[in-house]
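Please find below a colleague's note on the model under review.

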Amino acid sequence: MNIQEIATTIRETQLSPGELADLRLKLSAEYAFNATELENILMHKAEKWQELRKEVKSDTQAERLWQATDIGQEETGYKLRLKSIEKLMSGIKTMLDIKEHELRGHF
């Protein structure tokens, strides 16, 4: 199940606490994978940055050159995926908290 499928499931389905916990665990694994891939890209960026910076007058221009590369676009993709995963995990935690309070009769 990918991130988009998890998001759709959460939006369209009433899930049990166990199902929510399973989704959160899957998202944690996905987060770890994406963070590792981003780490590899950022290590490459550190090596490449000095070359790019010599070609232009500012860091902003060098960053634009980097973002125009395939690997720069991958970096952006991983950062956005990590944000999505964080939001989904936060939403799942909120849903689990609400279900716990309901179970205890606090709502």
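The points below go from the basis of the model to the whole chain and then to single residues.

1. Basis. This is a predicted model, in which local features need pLDDT of at least 70 and side-chain atom pairs count only at pLDDT 80 or more, while totals for chains, interfaces and linings use all residues. Residues are numbered from 1 along each chain as its sequence is written, and side-chain values use heavy atoms, with hydrogens and water left out.

2. Secondary structure. The chain has 4 helices and 0 strands, in the order α-α-α-α from the N terminus. Helices (H or I, at least four residues) and strands (E, at least two) are DSSP runs, numbered from the N terminus.

3. Overall dimensions. The C-alpha trace spans about 65 × 25 × 20 Å along its principal axes.

4. Burial and surface. Of the 107 residues, 26% are buried; buried means under 20% relative accessible area, exposed over 50%, and partly exposed in between (1.4 Å probe, protein chains only). The accessible surface is about 7600 Å², with 53% belonging to carbon and sulfur atoms. Areas come from the Shrake-Rupley method with a 1.4 Å probe, and for residues only the protein chains shown count as cover.

5. Helix H1. In H1 (residues 3-12), the buried residues are Ile3, Ile6, Thr9 and Ile10. They lie on the same side of H1 because they cover an arc of only 125 degrees around the axis, the arc being that of the directions from the helix axis to the C-beta atoms. Gln4, Arg11 and Glu12 are exposed on the other side of H1. The cover over the buried residues of H1 includes helix H2 (17-55) and helix H4 (70-104).

6. Asn34. This residue of helix H2 counts as buried, at 2% relative accessibility. Apart from neighbours within four places in sequence, Asn34 is in contact (heavy atoms within 4.5 Å) with Tyr78, Arg81, Leu82 and Ile85.

7. Lys83. What is the relative accessible area of Lys83? Lys83, found in helix H4, is exposed, with a value of 52%. The C-alpha atoms of Lys83 and Lys48 are separated by 25 Å, and the two residues are 35 residues apart along the chain.
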